[in-house]
Amino acid sequence: MLKKERLMSILKLVDQNEIVTVNDLVETLNVSDMTIRRDLDELSKSGKLIRIHGGAQSISDGGKEELSRNEKRELHLKEKEEVAKKAASMIESGETIYLGPGTTNELIAKYVDDVSSLRIVTNSLPVFEGWNVKDGVEVVLIGGTYRERSGAFIGGLTNSVIDRLKFTKAFVGINGIHDERMMTANTEEGQAQLAALNNAGLKLAVCDYHKLNRDDFYCFYNLYNLDALITNKQASSGSLRHYQEYTKIILAEDSYG
């Protein structure tokens, strides 16, 4: 079987089954474990599937059940850590920062030290808990209706408070980006993030590269209106060129400026 045929067969199997394992593909296509892993890495970098531990997942899952926060925490952790560290390097003393819900934003606090007069505003309980133990930081938790699946407070009360606040920078998480569309799984979470971005001097999104070229349920913002997207250097060159048409791309290894 030619490589092109093998890649097409892998994509067909992933789309049909939503999730496939390396062992399944080895048995079905009668090729080596190493060959399958290389093929999956190549398809993942080109944004055609999501690489997960031991296999791959279809990107065509916008209508599927949203993963819980605990499930998301273990997915692509290394890439999320890289993005979180880059985002942390952009936070300075004296700023008022909005951090939206999301497992990447939850990691930012561990990389921020030696700050003073920093105010963190969030509607995410896990984000609040990560910052509340840090010296020199005032942490503001915005209440509302608690959404256990993501650990976020949402709804009219949440949005009415965010609407009255101004931020130096806002960092929002996303479940998927496709062309200019920034997407999440819940409409009310998206509306809160929209309000925060509109009230921020610098509008930023954090996104591990597996979320590029991926759809989800609710489009809450347009990349054209974003100041920068922070993602991983492992993203394919084609994907990076594509999204640079819409906004500035900050790679996790780069310095900001």
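The structure is a predicted model, in which local features need pLDDT of at least 70 and side-chain atom pairs count only at pLDDT 80 or more, while totals for chains, interfaces and linings use all residues. Residues are numbered from 1 along each chain as its sequence is written, and side-chain values use heavy atoms, with hydrogens and water left out.

- Strands (E, at least two residues) and helices (H or I, at least four) are DSSP runs numbered from the N terminus, and two strands pair if DSSP finds at least two bridges between them.
- Strand S5 (residues 118-122) runs parallel to S6 and is joined to S6 by 5 bridges. Ile-120 has Val-139 in S6 as its bridge partner.

- An open sheet of 3 strands has the order S1-S3-S2 and antiparallel pairing.
- Strand S1 (19-21) and S2 are the edge strands, each pairing on one side only.
- From one strand to the next, the twist averages 25°.
- S1 and strand S3 (residues 55-57) run antiparallel, joined by 3 bridges. The bridge partner of Val-20 in S3 is Ala-56.
- Helix H1 (residues 3-17) packs on this sheet and touches S1 and S3, where contact means heavy atoms within 4.5 Å. The direction of H1 makes about 125° with that of S1; axes are lines fitted to C-alpha atoms, for helices over the stretch in contact, and angles run from 0 to 180 degrees between N-to-C directions.
- Helix H2 (residues 22-29) lies across S1, S2 and S3, at about 75° to S1.

**Second largest pocket**

- The second largest pocket holds about 210 Å³ of space. A pocket is an open set of points on a 1 Å grid over the protein atoms alone, where a 1.4 Å probe fits and protein lies on both sides within 12 Å along at least five of seven lines; lining residues have an atom within 4 Å of a point.
- Of its 14 lining residues, Arg-51, Ile-52, His-76, Glu-79 and His-210 are the closest to the centre.
- Helix H3 (33-45), strand S2 (50-52) and helix H5 (77-88) each give two or more residues to the lining.
- The lining divides into 4 nonpolar, 4 polar and 6 charged residues, with Asp, Glu, Lys and Arg counted as charged, Ala, Val, Leu, Ile, Met, Phe, Trp, Tyr, Cys and Pro as nonpolar, and the others, Gly among them, as polar.

Notes. Points joined across faces, edges and corners; volume = space filled by probe spheres on them.
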